[in-house]
Amino acid sequence: MSRPAFGGGDLPAVFPDWSPYRDLESAARAYLRDPDVAMEALTGVLNGASVLGFTLERFVNEVNGVWQEVAICDGSRLILWHGEDVPPDDGPAGSMTSSLRVVPVSTVSEVGCRRRLSRTSTGQIRVDSIDVYLLLSSLDEGVPGDDAQVPPRHDALRFGKTLDDGGAGQIARLEEFARLVASVVGRPTL
């Protein structure tokens, strides 16, 4: 089964599983459509720093095509790469954006992790999905609505995996990433 891709090609409806790969480059090469673009951007910022943990995301949307994301924690920073196909009216066929964001871990004020659990027919509990958020001290760049009384909101990074979107391995790796970030939040950096 495949889904139509931006530009008329076909992409598999289920992407390869990156969760067995413990190193970033192998996981990116197994999962991302554009691993060379992502790794070039990330390597320049990492500049030799150790990758303590990471999570990856990729999906196809009906407007822009492929959307890809890498989030890395090196102990003092969150390094986020995002690649997205440009809509057909916004550039030549095959165009994409590549964005990089670096967030000091010291700006993470809260880490939240919600797991949805279910019981199998044998009574065992399994994790069906996980939603993780990292609340930042920076303010959201959202445009205020008609109501001028709406207070500004804090920026947040959100990540999610389900059994259908990523499977048990990626759920476990996202939970591992959330625990890593939670373990370094509030600690002095060297």
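**Reading contacts, sheets and confidence**

Student: What share of contacts in the protein between residues at least 6 apart in sequence join residues at least 24 apart?

Tutor: A contact means heavy atoms within 4.5 Å. Among contacts between residues at least 6 apart in sequence, 52% join residues at least 24 apart. This is a predicted model, where local features need pLDDT of at least 70, side-chain atom pairs count only at pLDDT 80 or more, and totals for chains, interfaces and linings use all residues. Residues are numbered from 1 along each chain as its sequence is written, and side-chain values use heavy atoms, with hydrogens and water left out.

Student: What is the mean pLDDT of the protein?

Tutor: pLDDT is the predictor's confidence in each residue, from 0 to 100. Here the mean is 87, and 86% of the residues reach 70 or more. Residues 1-13 stay under 50. For that stretch the model has 26 contacts beyond four places in sequence.

Student: How many helices and strands does the protein have?

Tutor: Helices (H or I, at least four residues) and strands (E, at least two) are DSSP runs, numbered from the N terminus. The protein has three helices and nine strands. Along the sequence, the pattern reads β-β-α-α-β-β-β-β-β-β-β-α.

Student: What order do the strands of the open sheet have?

Tutor: Strands of a sheet pair through backbone hydrogen bonds, either parallel or antiparallel. Two strands count as paired if DSSP finds at least two bridges between them. This open sheet of four strands runs 3-4-5-6, with antiparallel pairing. Strand 3 (53-61) and strand 6 (96-104) stand at the edges. Each has a single partner strand, so one side of each is left without a neighbour in the sheet.

Student: Over how many bridges do strand 3 and strand 4 pair?

Tutor: Strand 3 and strand 4 (residues 65-73) pair over nine bridges, in the antiparallel sense. Val 60 stands opposite Val 66 in strand 4.

Student: Which strands does helix 2 touch?

Tutor: Helix 2 (residues 35-46) packs on the sheet and touches strand 4, strand 5 (77-85) and strand 6. The direction of helix 2 makes about 155° with that of strand 5. Axes are lines fitted to C-alpha atoms, for helices over the stretch in contact, and angles run from 0 to 180 degrees between N-to-C directions.

Student: Is Cys 73 buried or exposed?

Tutor: Buried means under 20% relative accessible area, exposed over 50%, partly exposed in between (1.4 Å probe, protein chains only). Cys 73 is buried, at 0%. Cys 113 is partly exposed, at 42%. Of the 190 residues, 37% count as buried.
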